[in-house]
Amino acid sequence: MMNPISTPGAFTELDKFMFEAWGYIIIPNVLTADEVKDCLEASVRLHEAAGTRGWAQVGKGFETEPALERLIDHPAVLPKVRALYGDRFILQSAWCTKQPAFGGNGSWHQDGSGAYDFSKLGYPIPLIQLRASFLLTDQSVPRTGNMELIPGSHRSQAPLPQSVRKSGDDVPIGHVICAEAGSVLLFHNAVWHRTYAHDGDYDRYTMHYIYSPPWVRCSDRFDNDKAFLERTTPVRRYLMGQFERPDAPFGAGYPVELESE
Ligand SMILES: O=C(O)CCC(=O)C(=O)O
């Protein structure tokens, strides 16, 4: 099977080409076995505390779980996010997703806000939610709760047919992502995707970090936790959207005279 395999760190020209062509890249060997274990234990704690059942996602785990906080600005991933967005972006949300033991396929969808379909913004659908998905259980063979993506579908002017979305049928060009625990899948919000079936007798956890332009509203929190902001690092505070705008209260580009009036 062809795979858009990348390497941790810089966003290379080949990464850029693969990301443009397929809408995603896969970065193996990002977390060590010990880091995977810590993040997995943290994920289980989060879901237990939230009392989730079945397929579920829990947000802002970074506020209480240091192992998950460390992934916010992971050096294997952040340079790629920065290459795609420039210097100004935020962590729009962080979702810890559980695909339960013996879970079936999820529904096909593109990422975005339920309140506002990103396809209304124009074509091609812009990059608004760049998702870095840290795999915390082995997904190196199909039917282990993998992600399934349709390569290049972020550029399709035709939507995935409603009949396929309703039936949950397979699509001949669906790509079941096979990668080991500790790998990261980085993908564009407009790529059609779904959770793939999981035949294992254990719950599958994946930690998703979603990066957005700075004007997008966060979706896993209405406000940042003050105690978290105080104890975290400057870069992570920035990623929480806590930065000074030198041009406030006016947008950049207003005549300078306005500032002294
Ligand atoms: O973790 C997963 O299985 C998929 C999550 C997903 O597709 C989503 O949250 O949009």
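Two strands pair if DSSP finds at least two bridges between them. Helices (H or I, at least four residues) and strands (E, at least two) are DSSP runs, numbered from the N terminus.

The structure is a predicted model, in which local features need pLDDT of at least 70, side-chain atom pairs count only at pLDDT 80 or more, and totals for chains, interfaces and linings use all residues. Residues are numbered from 1 along each chain as its sequence is written, and side-chain values use heavy atoms, with hydrogens and water left out.

**Exercise 1. Describe the open sheet of six strands and name its edge strands.**

Solution. 
- Step 1: The strand order is E1-E7-E4-E9-E3-E2, and the pairing is antiparallel.
- Step 2: Strand E1 (24-27) and strand E2 (56-59) are the edges, since each pairs on one side only.
- Step 3: On average, and with direction ignored, neighbouring strands of this sheet are turned by 20 degrees against each other. Axes here are lines fitted to C-alpha atoms, for helices over the stretch in contact, and angles run from 0 to 180 degrees between N-to-C directions.
- Step 4: Helix H1 (residues 13-22) lies across E1, strand E4 (130-135) and strand E7 (184-187), and runs at about 130 degrees to E1.

**Exercise 2. Characterise the largest pocket and the second largest pocket.**

Solution. 
- Step 1: The search uses a 1 Å grid over the protein atoms alone; a pocket is an open set of points with protein on both sides within 12 Å along at least five of seven lines, whereas a cavity is a set of points where a 1.4 Å probe fits but cannot get out. Lining residues have an atom within 4 Å of a point. Grid points are joined across faces, edges and corners, and a volume is the space filled by probe spheres set on the points.
- Step 2: The largest pocket holds about 630 Å³ of space. Its lining comprises 31 residues, of which Asp-111, Gly-112, Ser-113, Gln-129 and Arg-131 lie nearest the centre.
- Step 3: E3, strand E8 (193-195) and E9 are the elements that give two or more residues to this lining, and E3 gives the most, with four residues.
- Step 4: Ala, Val, Leu, Ile, Met, Phe, Trp, Tyr, Cys and Pro count as nonpolar, Asp, Glu, Lys and Arg as charged, and the others, Gly among them, as polar. By these classes, the lining of the largest pocket has ten nonpolar, 16 polar and five charged residues.
- Step 5: The second largest pocket holds about 390 Å³ of space. Of the 21 residues that line the second largest pocket, Gln-110, Asp-117, Ser-119, Ile-125 and Trp-192 are the closest to its centre. Its lining divides into nine nonpolar, nine polar and three charged residues.

**Exercise 3. Locate His-188 and Arg-221, and list their contacts.**

Solution. 
- Step 1: His-188 lies in the loop between E7 and E8 and counts as buried because its relative accessibility is 5%.
- Step 2: Contact means heavy atoms within 4.5 Å. Leaving aside neighbours within four places in sequence, His-188 is in contact with residues including Phe-19, Ile-125, Gln-129 and His-154.
- Step 3: Arg-221 is found in the loop between E9 and helix H6 (226-231), and at 5% relative accessibility Arg-221 is likewise buried.
- Step 4: With neighbours within four places in sequence left aside, the contacts of Arg-221 include Lys-60, Phe-62, Leu-91 and Met-240.

**Exercise 4. Identify where the cis peptide bond lies and describe the backbone of Lys-60.**

Solution. 
- Step 1: The cis bond joins Tyr-123 and Pro-124, with omega about -5 degrees; Pro-124 is in the loop between E3 and E4.
- Step 2: Lys-60, in the loop between E2 and helix H3 (66-69), has a positive phi near 45 degrees although it is a residue other than glycine. Lys-60 is partly exposed, with a relative accessible area of 32%.

Terms used. Buried < 20%, exposed > 50% of the residue type's maximum accessible area, 1.4 Å probe, protein only.
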